[in-house]
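Dear colleague,

Please find below the sequence and structure that I am handing over to you. My notes on what was found follow directly after.

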Amino acid sequence: MVSMHTSPTDAPGAGDAGGMNVVECHEALALAELGHRVELVTRRTADHQPDALALAPGVTLHHLDAGPARRLAKSTTDQYIPEFAEALAQLGGRLGDGGVDLVHSHHWMSGMAALPLARAWGVPHVQSFHSVAATPGSELSDGEPPESPARVPGEALLARESDRLVAISAAEARIVVERCGADPDRVSIVPPGVDLDQFHPLRHRAGPDDPPDWVAQTTGPLGRDRPFAVVAARLQPLKAPDLAIAALAHVPAPIRPDLVVAGAGSADFPDYEAHLHRLADELGLHGRVHLVGPQSRADLAWLLRHATLTLVPSHSETFGLVALESAACGTPVVAAATGGLREAVVHGESGQLMDSRQPEDWGVAMTKLLARPDVLRRMGTVARVHARRFTWTATVSGLLHLYDGLLGRPRPATRPTRPRRYLFVHAHPDDETLSSGAAVLALRRRGDEPMVVTATRGERGQVTGRVAARLDHDGLADCRLAERARALAHLGAVDAGFLGERGNRAPDRPDRRYLDSGMTWTTATTAGPDPEAPAEALARTDLAAVVADIVATARHWRADVLVSYDATGGYGHPDHVRCHAATAQAAAALGITFRQIVPADGPGDEALEAGPDLDRLVAAHRAYASQLTVADDGTTYTHVGGQPGTVATRTWLSSVPPRR
């Protein structure tokens with residue numbers, strides 16, 4: 001396959017910390033290693049840049065003339081789209097008939113130039129946005145320039161007309177669908193990867209570990225003897241390095257690290273670097289804040305590896321690749337709880353997500369971590385494990401699955417095929433892990449989309465002693481929410497939320513919060529109803545209402561298959577039994593397949609294995625510290641009630657054919 005990847009602004013691999021260039025470059029190199037040819041196309045930004053440059057066998061970088069040969073402010077670049085399109089057409093002619101099989105555009109400007117050409121060449125067009133414009137009238141981030149008038153309608157056109165849209169995170173996918181009007185069936189999420197050979201912890205690789213040249217010019221060597229935190233981003237208000245500097249002033253002096261701000265200036269904000277210097281001086285941080293400019297990939301890796309913390313205070317990030325690279329280096333991240341950062345950082349495990357944008361709150365969060373080196377070390381270890389989920393091999397595998405679907409269909413095409421969406425309907429947090437964790441992992445590994453909706457928050461469950469000691473009863477629901485979020489992140493499932501809320505409820509009905517029904521043990525291994533269950537409990541709610549909410553949920557998430565417990569609920573819990581009955585009826589009403597989770601020795605027709613994702617399955621079990629105590633070897637666990645269990649590395653599913 002020969003693919004053309006177009007970008008109108010900066011050449012891939014340009015050496016700054018920007019995520020988009022890194023993504024394009026690594027995708028191209030990984031595609032070439034698999035035998036594909038990739039033509040990378042960008043706008044010439046300097047006179048010395050050659051027309052064509054071979055980056056690796058099978059990867060050629062083309063520089064096209066479109067506007068002046070210098071870096072331009074993002075807000076002024078779109079006026080050169082017609083010139084870029086003309087030069088791109090000429091390049092296509094030089095490549096010859098049949099020279100390109102597919103065009104993948106990165107950012108809206110390249111898409112506007114490339115989409116008409118892809119149609120003229122008779123090849124599919126794939127669009128990645130990497131960022132999406134704020135809608136007219138919405139509040140922009142402080143100091144951000146207004147969007148080009150052409151951007152919003154341009155993005156909407158690309159969302160409607162491109163053969164496929166690639167989002168880098170679930171957060172970006174939601175924006176592309178809601179803000180640009182994209183058909184969800186044509187949106188695919190392909191997360192980025194991280195180079196684990198380049199981004200690795202201290203002492204994890206043999207050989208020299210030389211610091212950047214500028215380190216020698218600082219007062220006292222940065223590193224172990226002089227701790228520092230890192231911000232790696234372009235110098236512009238959207239990335240908010242000013243928040244990191246202001247937060248540093250709220251860290252007590254005895255444990256306050258230096259702050260290294262690594263990133264290129266932005267043509268849109270020529271005075272911003274001077275503003276950051278003034279801010280540091282005004283806060284009494286002279287000599288403690290180092291603005292060191294853009295860094296090579298090797299020097300950025302050194303910084304992240306030797307840093308105590310990485311800070312990502314951006315107003316918005318589609319993913320936050322630097323957070324993932326920091327995790328690969330074993331360095332915890334404190335990041336804004338925005339956009340894709342909620343997927344790049346596992347809150348409380350690989351770092352901390354901040355809802356506040358107040359410097360004092362960030363300072364408190366940093367102080368709590370810096371004052372507990374044991375917590376930092378533990379977070380760093382988990383961060384490295386988390387980062388191993390994201391590889392460029394997996395990224396390119398996702399792209400090729402998408403490309404093959406486009407190239408293998410007859411033209412004119414109707415609609416690209418997409419993975420099947422499995423919606424798991426579970427009663428309580430932890431059921432998705434205990435009952436179907438292996439199935440979720442196996443489905444995700446083979447390219448399908450597992451999604452989990454949970455009916456209750458498990459408010460009436462017991463709590464392990466080590467958690468109860470720091471938790472009052474009213475906080476149990478919040479505890480279970482946090483545990484569920486961590487478990488779903490380990491499993492890689494889409495969090496479809498809770499039944500009865502927002503998109504997960506029947507139309508024209510108010511939000512409903514189903515309560516845990518509780519249970520009693522009728523035998524040593526079988527549960528039964530709790531006579532004291534409240535009226536709002538799931539098992540006591542009218543079955544038709546539960547069915548209606550599941551039907552609405554399945555439609556909202558465009559589910560192809562519904563999955564829940566078998567008729568016994570696994571061990572008889574009344575909420576499990578209710579989920580089975582309601583999900584079976586919902587599947588029948590929708591005319592889609594219902595798959596039951598059956599015991600290992602039951603009449604299942606498919607066994608789904610955790611396989612190479614066993615470590616993620618164990619991590620998901622460990623996430624439920626309020627309910628489970630997992631053995632050190634990760635093979636067994638003990639329920640809070642004392643019942644022993646074995647980590648189920650296989651889930652058996654039995655299909656109930658759709659009824660129409």
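The structure holds two aromatic pairs; rings of Phe, Tyr and Trp (its six-membered ring) pair if their centres lie within 6.5 Å, and planes under 30 degrees apart count as stacked, over 60 as edge-to-face and the rest as tilted. Phe-228 and Trp-302 make up a stacked pair, with 6.3 Å from centre to centre and 10° between the planes. This pair links distant parts of the chain, since Phe-228 belongs to strand β9 and Trp-302 to helix α9, 74 residues apart. Helices (H or I, at least four residues) and strands (E, at least two) are DSSP runs, numbered from the N terminus. Both Phe-228 and Trp-302 are buried, where buried means under 20% relative accessible area, exposed over 50%, and partly exposed in between (1.4 Å probe, protein chains only).

The other pair is formed by Phe-319 and Phe-390: their ring centres are 5.9 Å apart and their planes stand at 65°, so the pair is edge-to-face. Phe-319 lies in the loop between β12 (309-312) and α10, and Phe-390 in the loop between α13 and α14, so this pair ties together parts that are 71 residues apart in sequence. Phe-319 is buried at a relative accessible area of 3%, and Phe-390 counts as buried at 7%.

Please note that this is a predicted model, in which local features need pLDDT of at least 70 and side-chain atom pairs count only at pLDDT 80 or more, while totals for chains, interfaces and linings use all residues. Residues are numbered from 1 along each chain as its sequence is written, and side-chain values use heavy atoms, with hydrogens and water left out.

Arg-457 lies over the face of its ring, at 4.2 Å from the ring centre, and the charged end of Arg-484 sits over the ring of Phe-498, 4.6 Å from its centre. A charge sits over a ring if NZ of Lys or CZ of Arg is within 6 Å of the ring centre and within 35 degrees of the ring normal.

With kind regards
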